[in-house]
Amino acid sequence: MFRLTIRNVLVNTDPGTMFFMLGIPAFYLLVLGTMFQGLIPAFTINGVKTSYTTFLAPGIVGMQAFTAGNIGGGMLWADRRWGMFEQLLVGPFRRADYLLGIMLVAVFFSLAGSGIMMILAVFLDGAFNITIIGGLILVSMLVIGSIFFTSLFLIISVLVRTMNAYQTITFLLFFLLDFASTAFYPITPETPAALRLLSNFNPLSYIVNVVRDCMLYGVTYSTWASAGIITLLTAVFFYLSLVLYNNVHTGL
Amino acid sequence: MADSFDYAIEVVNLVKSYDGVRNAVDDVSFQIRPGEIYGLLGKNGAGKSTTIKTLTTLVPPTSGTATILGMDLRKKSSQIRKIIGVVQQEEAFDFATVERNFRIYGMLWEVPSDKVESRSEELMELFNLKEIRKRRAFELSGGQKKRLQVAREFIHDMQVLFLDEPTAGMDPIMRRSVLDFVMEKAKDGLTVLFTTQILEEADYVCDRIGIMDLGRKVAEGTSSQLKERFGSLKKLVLTTTERIPEESIPRVKEMLAAVPSVTQHEVSEREITVIGKNMGKTVYSILSSLSLLSIEIDQVNLDAPSLDDVFLEVVKK
C-alpha cells in the first residue's frame, strides 16, 4: 500500500500535474488575490477585519482537498486507461491496497499542497492565529475533504468510459465547485439566491468554511456543523465509491 | 508456498465463462514443468488471453482447478502474484519516462535500488531503449511501448512468467532478441507460458505447444510431435515454366478439388500450392493432370508441413 502510494506520488510529480496542483492555486492567491485587493476594500466578518487576500488564503488552502481528490480519484481512470490497473492487480498487491494507495496519495497531496499554500499566505498576510484545536480540526478537515473528493472522482472514474467525457466532467466540476463555493467570495444576504443555494449545496463551501474558521475566525458551533456535514457526506460517498470500485471488472 | 510440486503450472478442467452462456475457456487442462516454455496458440478469441488472465488471478475461474508452483489459484492468489511476472497483451505503463517506468516498477516489486539501476541499464541496452530513456511512455510507438512493457517485467525476480503476445508490434530483429532472452531465462529455471499468433515464434521458442480453438485445447505436443502427428500432411509447391492462363486457373482448381487426398490448394499465376496427405503418391497424378491442361512444371518442392500448416489443419478440424 505504501509502495503504491509512493508510485502514485512519483507518477503525479510531472510538471503538468504540479502546475495544476500548486501553480494554479498559487496564481489565484498571489496574482488574483493581490490584484483584487486593490478593488475590494477590507471587510469585517465575525468581528474580524479581513483583507481580500486574508479571506482568500483559507479558500485556497481548502481547495487543495478538491485538487488532491481530483488527482487521487482520477488515478483509477488513468490506470484503467493506460493498463496499469490490471498490471498492478497481477502484481504483489491486493485490490484494497490499490484503493488505499489512491486515498493516501490524495491525503498526502492535500496536506502538502495546503501546507505550501499556507506558507504563501503567511508570506502575503503574516501569521495566522491558529489554535491547537483549530489546527487539529483544520488538518482533519483537509484529510476528510480529500477522501470525500477522491471518492467523488473514483465514482466518476468507474462510471465514465471515454476520455472526452471524463475531462468534460472534471472540468465542469472544477469550475462549478471552485467558483460557486465560498473559496473566493463570502456568501452574504446580498448574494443572489440561486448562487447562495448553489454554494450551500457545494461541499467545498463547507470545507472552506471550516478551514477559514480554523485559520481566521475561531472554531464555533457552525464550524463543527460544517465539519459534521462533510464527514457524513464523505462516509456516504466513500461507501458508494467502494461499492462501485468493487464492481470494476478486470480481465474483460 | 507448497513444499513440492511436479509442475510449475497445472491446469485441470479449467472453465471460464464471462456471461454464463459461452465458455471463453472450456474444460482446458495442461501441465507445464519448471523451466519449460509452453506456448498457447490460437486465433483471436480462442481463449488464450482468458486462460492467462485466469492463471494470473485477474479473473476467477468458473470451474476447474489450477495451481502455480503447487499453490491453488483460488486459495493462494496473493502468494501467487508475488512469484509471477505478467506481460499483458494490452499496453500497460506508468505516465512517466522510460527510465522512470523501470524505477517505479522496481520500487513496486521491492527490488533494491542499486539492483534496479543496474538491471534497468542492462534491460534498456538489451531492448534498445537507451536512446528513448528520457521519453515519456505514452509518446512511444506501439513497438517501443511493447519493448518497454516486456523489458520492465524483468526488473524483478520471478519463477513463472506469463507472456501474452509479447512481441506484437516488434520488428523481426527485436522479436528474435526478446525470444532469445526468454529462452536464456528459461535455461536458468524460469517457467514461461507464452501466447502468440506468430507460429514461427512458437516453433522457435516453445518446448511444447498447446493449440486452442473456441476456448478448448484441441492439440498439444512439441513442435515436432505436432508436425509428426499431422505428418501425413505435406506441402507440394509447383512452379510453372510459364504463366498459367487466367481461364485455366478455375480448371486447375477444379482438378485439385477432385483429388481426395488434397485438403488445401492455392493457385496463382506461377505457383500451385497443394497441402494434402500421401502427396508423394498424389504428385504424379497431379503432374499428369496439369500436363493434360498444357501446364508445364519447372520446379517441384515437397515440404514437411510447417507449424502453420499444422495449426490450420488442427483449427479447421
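The crossing of helices α2(A) and α5(A) is right-handed, a crossing counting as right-handed if the near helix is turned clockwise from the far one by less than a right angle, and as left-handed if anticlockwise. This is a predicted model, in which local features need pLDDT of at least 70 and side-chain atom pairs count only at pLDDT 80 or more, whereas totals for chains, interfaces and linings use all residues. Residues are numbered from 1 along each chain as its sequence is written, chains are lettered from A in the order in which they are written, and side-chain values use heavy atoms, without hydrogens or water.

The two helices pack at an angle of about 25°, with their axes 10 Å apart; α2(A) and α5(A) are therefore roughly parallel to each other, the term for angles under 35 degrees. Their contact (heavy atoms within 4.5 Å) involves the residues below.

| Helix | Residues in the contact |
|---|---|
| α2(A), residues 15–37 | Met21(A), Leu22(A), Pro25(A), Ala26(A), Leu29(A), Leu30(A), Thr34(A) |
| α5(A), residues 95–125 | Phe109(A), Gly113(A), Ile116(A), Met117(A), Leu120(A), Ala121(A), Leu124(A) |

By class, the contact of α2(A) with α5(A) has 12 nonpolar, two polar and no charged residues.

Between the chains, 24 residues of chain A are in contact with 28 residues of chain B. The buried area (accessible area, 1.4 Å probe, lost on being put together and summed over both parts) is about 2,400 Å², of which carbon and sulfur atoms give 59%. In chain A, Trp82(A), Gln87(A) and Val90(A) lose the most area to chain B, together 29% of what that side buries. Two salt bridges (a side-chain nitrogen of Lys or Arg within 4 Å of a carboxyl oxygen of Asp or Glu) are counted between chain A and chain B; Arg3(A) forms a salt bridge with Glu110(B), the closest N and O atoms being 3.6 Å apart.

Notes. Axes fitted to C-alpha atoms, helices over the stretch in contact; angles between N-to-C directions. Helix = DSSP H or I, 4+ residues; strand = E, 2+ residues; numbered from the N terminus. Parallel < 35°, antiparallel > 145°, perpendicular 65-115°, else oblique. Nonpolar A, V, L, I, M, F, W, Y, C, P; charged D, E, K, R; others polar. Buried area = accessible area lost by both parts, 1.4 Å probe.
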